Amino acid sequence: MENQKKFYITTPIYYPSSKLHIGHTYCTVATDTMARYKRLQGYKVMFLTGTDEHGLKIEQKAEAAGITPKQFVDNIVEGPRGVKDLWKLMEISYDRFIRTTDDYHVAAIQKIFKKMYDKGDIYKGTYKGKYCTPCESFWTESQLVNGCCPDCGRPVVDAEEEAYFFRLSKYSDRVRDLLVNTDFLQPRSRVNEMVNNFIDKGLEDLCVSRTSFNWGVPVDFDPKHVVYVWIDALFNYTTALGFMNDRYPDSDYETFWPADVHFVGKEIVRFHSIIWPAMLMSMDMPLPKHVFGHGWLLLDGGKMSKSLGNVVDPYILAERYSADALRYFLLRDFPFGTDGNFSNELLINRINMDLANDLGNLLSRTTAMADKYFGGTLPADQAEGPEDAELIAMANELRGKYEADMEKYAFQNALADVFAVIARANKYIDETAPWVLAKDEAKKPRLARVLYNLAETLRLCATLLQPFMPAACDKIFAQLGVTEDSLRSWDSAAAFGAMPAACTLHKGENIFPRIDAKKELAELEAMEAAQKAAAQAALSDAEKAGQPKTEAAPVEIADHEPEITFDDFMKSELRVGEIRACEAMKESKKLLHLTVFDGERERCILSGIAKWYKPEDLIGKKVAIVANLAPRPMMKGKYVSEGMIVAADTPDGGCIIPFFPDEATTGSRIH
Ligand code: MSP
């Protein structure tokens, strides 16, 4: 197998800061499909995925949960319904799974960092800049959008620290050349974005170490620094092949590096198409052949986010409708390069239309007729007819079209090609009317050939559908009586007629049962509402940041107020307010600047809660506000705070804000 062609493909390594959602599943399913397609073509494939486990965010989340960062990530990666369980459920056939906390990776990152340092490409300096905590990214002033992180739109904070820098600027011209003059970055539309927004604005040297937190790979020659998570993360693609470590043989690196393609989401294209090649250039390592930046799955046109509580749980969908149906939908409905709007309705319609109707019916009609008219085994005596040529030609051309699309990662088109043939086969049933042929004994050879052609068409289609729906295709082959691998191979997918004429079909279970859309949509909606409520409850737990999950200690109430009447109480106008925006303030470390909608208008409220709440944890939340508090000028009159957020004191001088469930009407009065 020395001359066997090689293919190395990767997913991004996911942050195990919370459970993965349908967006992460989308990218992994696409990568898996590509890996399976290449295996089908006879390539020796290395498919790598994993988790990116270091960084401030994970450190903070673990602290909030009262456990160590390692315990926190272990639970999300290896625990029940964690990352690995999800990939198993979704039939993800990865060859290797890397965790950046793996010893071999940590040691290799230290060596890599040192190598770039020794070369002079990493040097020590002072970092002053804007930092987006959730994205773990530093930004220059010019890159900010409305003063916020250009990736996630959240507020950034001023940061200053002694740090190591990578000479990104040195590689600017070479990276520009790579992007502009080669097909390294795909789709092509992403090239302009990178060149105009980043390279041509001037690449500054990149800050590649942190001293403000500990949860990372220590710089071994200066241990108060930890390596910037993106260096730690990007080199996973090579350490997982044994580069600079002994966990895997060097031959893996020699065989598979450079990668054929990294599939990554659009917001991390910058890291993969600028920083990654520049660091590889510094290390004198070959560059990956391609980086493909795919679009996002959106929900109601916006981003899915755990803190908004609007993530779609792939577990629920795969368990209800099968992993294969979900995989099919993800790659059939959304063009891989652009954003797509996810909805349960689209999912159910797609399953019903394509899988239950077109494919499912073709299979069940074909096997049922073979059973009914021939007891399952077709006679070898078969007669061609005028309707055959078009179907056979189309089926034989399918593999070529499919291959052209798959090579461009155009999964949607490859599936459309297959389903065009399936639709043609259904039409062929109408044209040949087997039930009429069956009435005439003399036409039995013709009937046999019609059923054979249908079975062959199904075999070809199922062969090409294997990378998309592996388990369902196994079932289809079982019903078609295909037991030999040679009849589900890449070669046989362009060889109509390879199956012996006297084949035996088995009528079996309905592989894709039709879904009662109305009932399912109602049930999914109810489940999602419940999940959202649970997510919110969990979030408010997490928001008791830094406090272990123990029962709150009883407080001694020493600050009783004199008794008041009900009317006195009613003078306080408490209302449900919705936090529409929230930012840290450069003028004060204690205050957050909130924009709160009170049902009529948006008001500015400055609240001294910055120590306990991060802005991104509050946006979208419904809280109790004191709406008739006299407006109060603050910061020498620069701001006027028009209300107060209701919060409970904690014994250590902190505070906890109670949140209303989403159903609470914004602006309604609280009594
Ligand atoms: N850890 C980094 C990647 C390091 S790779 C060396 C990271 N992790 S992530 O968990 O935040 O995101 C991983 C991938 O999931 C990204 O490619 C991102 O685009 C993708 N997705 C997250 N949400 C998504 C959607 N809603 N839709 C599609 N993909 C999205 O970034």
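This is a predicted model: local features need pLDDT of at least 70, side-chain atom pairs count only at pLDDT 80 or more; totals for chains, interfaces and linings use all residues.

**Stop 1**

Select β5, β4, β6 and β8. They make an open sheet of 4 strands, in the order β5-β4-β6-β8, and the pairing is antiparallel. Now look at the two ends of that order. β5 (137–139) and β8 (206–207) are the edge strands; each has a single partner strand, so one side of each has no neighbour in the sheet.

Show side chains for Phe-165 and Cys-207: Phe-165 stands opposite Cys-207 in β8.

**Stop 2: an enclosed helix**

Select residues 323–333, which form helix α13. How many of the 11 residues of this helix are buried? The count is 11 of the 11, so α13 is largely enclosed by the rest of the structure. The buried residues include Leu-326, Phe-329 and Leu-330, but also Asp-324, Arg-327, Arg-332 and Asp-333.

**Stop 3: the nonpolar cores**

Select Phe-263, Leu-359, Phe-411 and Met-469. Within the largest nonpolar core, which has 114 residues, these four touch the most other members. Helix α18 gives this core its largest share, 13 residues.

Stay on Phe-263 and display its surroundings. Beyond its neighbours within four places in sequence, Phe-263 is in contact with residues that include Ile-9, Pro-12, Cys-27, Met-34, Phe-292, Phe-336, Tyr-409 and Phe-411.

**Stop 4: Tyr-171**

Select Tyr-171, in the loop between β6 and α6 (172–181). Is this residue buried or exposed? Tyr-171 counts as buried, because its relative accessibility is 4%. Setting aside neighbours within four places in sequence, the contacts of Tyr-171 are Lys-119, Asp-121, Phe-166, Ala-278, Met-281 and Ser-282. With Asp-121 there is a polar contact between the side chains, at 2.3 Å.

Tyr-171 and Met-279 are 108 residues apart along the chain, while their C-alpha atoms are separated by 8.6 Å.

**Stop 5: Thr-367**

Move to helix α14 and select Thr-367. Thr-367 has a relative accessible area of 1% and is therefore buried. Which residues does Thr-367 contact, leaving aside neighbours within four places in sequence? They are Gln-479, Leu-505, His-506 and Lys-507.

**Stop 6: salt bridges**

The whole structure contains 47 salt bridges.

- Select Glu-387 and Arg-446, whose closest N and O atoms are 2.8 Å apart in a salt bridge. Glu-387 is in the loop between α14 (344–374) and α15 (388–407), and Arg-446 is in helix α18 (residues 444–465), so the pair ties together parts 59 residues apart in sequence. Glu-387 is partly exposed, at 23% relative accessible area, whereas Arg-446 is buried, at 12%.
- Select Arg-603 and Asp-598. Their salt bridge has its closest N and O atoms 3.0 Å apart. Arg-603 is buried at 8% relative accessibility, and Asp-598 is buried at 8%.
- Select Lys-614 and Asp-617, a salt bridge with the closest N and O atoms 3.4 Å apart. Lys-614 counts as partly exposed at 29% relative accessibility, while Asp-617 counts as buried at 16%.

For a linked group, select Glu-53, Lys-70, Asp-74, Glu-78, Lys-84 and Arg-99. Salt bridges with shared partners join these residues into one network.

**Stop 7: cysteines**

A disulfide is a covalent bond between the sulfur atoms of two cysteines. How many disulfides does a search of the whole structure find? The search finds 0. Select Cys-604 and Cys-582: Cys-604 is in no disulfide, and its nearest cysteine sulfur, that of Cys-582, is 11 Å away. Cys-604 counts as buried, with 16% relative accessibility.

Cys-27 is buried, with a relative accessibility of 3%.

Terms used: Residues are numbered from 1 along each chain as its sequence is written. Side-chain values use heavy atoms; hydrogens and water are left out. Two strands pair if DSSP finds at least two bridges between them. Helices (H or I, at least four residues) and strands (E, at least two) are DSSP runs, numbered from the N terminus. A disulfide is a pair of cysteine sulfur atoms within 2.5 Å. Buried means under 20% relative accessible area, exposed over 50%, partly exposed in between (1.4 Å probe, protein chains only). A salt bridge is a side-chain nitrogen of Lys or Arg within 4 Å of a carboxyl oxygen of Asp or Glu. A nonpolar core is a set of buried Ala, Val, Leu, Ile, Met, Phe, Trp, Tyr and Cys residues joined through side-chain atoms within 4.5 Å. Contact means heavy atoms within 4.5 Å. A polar contact is a pair of N or O atoms within 3.5 Å; within protein, one must be able to donate a hydrogen and the other to accept it, and residues adjacent in sequence count only if both atoms are side-chain atoms.
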